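Student: I would like to go through this model with you. May we put it on screen first?
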Amino acid sequence: MQKAEPRKFAYADPPYLGCSHFYDHPESHIWDEKQTHLDLLTTLDKDYDGWAYSCTARDLGWLAPVLELDGVRVASWVKPFAAFKRNVPIAYTWEPVIFRRALPRREGDPIGRDHLSEPITLKRGFTGAKPHKFNRWILDLMGYQEGDTMTDIFPGTGGMTKAINEGVLL
Ligand SMILES: C[S@@+](CC[C@H](N)C(=O)[O-])C[C@H]1O[C@@H](n2cnc3c(N)ncnc32)[C@H](O)[C@@H]1O
């Protein structure tokens, strides 16, 4: 039997809208424009078999056109340990992940659930660093299997590469 082609996956974790000042990248400011995010999502959907994109719950309104696409779903990262701010009485303790899972299904595709409960990482000094289990969950959401390609568009601390190298965490 002929071996199936590797599938192409991508994870996009750009600076969240209005949060570019947390990063010293020379072009960080472009992520303070909604259109930059919408253009990124168009590229993800055109160029990849499966993808995932992190944002905040506040962004779901203007991201609605993406959520209406057939096969696109929203998953939830719930943060039982998260930052509380004095002026925010109801803390933001979850983050949406918008994703498309690769189709058609292949034998061995990971199964899982559309939520993850995992505390924020305590890696200090890098805003937005995702915990190890989060990265593994993202791979499972998209349907990544060993041999597929995975592009971490905004690698930051490089945790996604570590999750890939460590394999399945079941
Ligand atoms: C939310 S962080 C990614 C965190 C990463 N997922 C992790 O777990 O460490 C966003 C990253 O995008 C980078 N960045 C900002 N503007 C960028 C741009 N225009 N092009 C590429 N990377 C950019 C930032 O420097 C930062 O490393």
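Student: In which loop does Ala-129 lie?
Tutor: Ala-129 lies in the loop between β5 and α3. Helices (H or I, at least four residues) and strands (E, at least two) are DSSP runs, numbered from the N terminus. A word on the source: this is a predicted model, where local features need pLDDT of at least 70, side-chain atom pairs count only at pLDDT 80 or more, and totals for chains, interfaces and linings use all residues. Residues are numbered from 1 along each chain as its sequence is written, and side-chain values use heavy atoms, with hydrogens and water left out.

Student: Is Ala-129 buried or exposed?
Tutor: Ala-129 counts as buried because its relative accessibility is 9%. Buried means under 20% relative accessible area, exposed over 50%, and partly exposed in between (1.4 Å probe, protein chains only).

Student: Which residues does Ala-129 touch?
Tutor: Leaving aside residues up to four places away in sequence, Ala-129 touches Thr-121 and Thr-157. Contact means heavy atoms within 4.5 Å. The C-alpha atoms of Ala-129 and Gly-158 are separated by 8.8 Å, and these two residues are 29 apart along the chain.

Student: What comes just after α3?
Tutor: Gly-143 does, and it takes a positive phi of about 100°.

Student: What share of the chain is buried?
Tutor: Buried residues make up 40% of the 170 residues. Of the contacts between residues at least 6 apart in sequence, 72% join residues at least 24 apart.

Student: How do the strands pair, starting with β3 and β4?
Tutor: Strands β3 (residues 72–78) and β4 (residues 94–100) pair in the antiparallel sense over seven bridges; two strands pair if DSSP finds at least two bridges between them. Trp-77 has Glu-95 in β4 as its bridge partner. Strand β3 also runs parallel to β5 (residues 115–117), joined by three bridges, and there Ser-76 is partnered with His-115.

Student: Which strand does β1 join?
Tutor: Strand β1 (residues 8–12) is joined to β6 by four bridges, and the two run parallel. The bridge partner of Tyr-11 in β6 is Asp-152.

Student: Which way do the side chains of β6 point?
Tutor: They alternate along β6 (residues 149–152).

Student: One last item: where is the cis peptide bond?
Tutor: The cis bond joins Leu-103 and Pro-104, with omega about -5°. Pro-104 is placed in the loop between β4 and β5.
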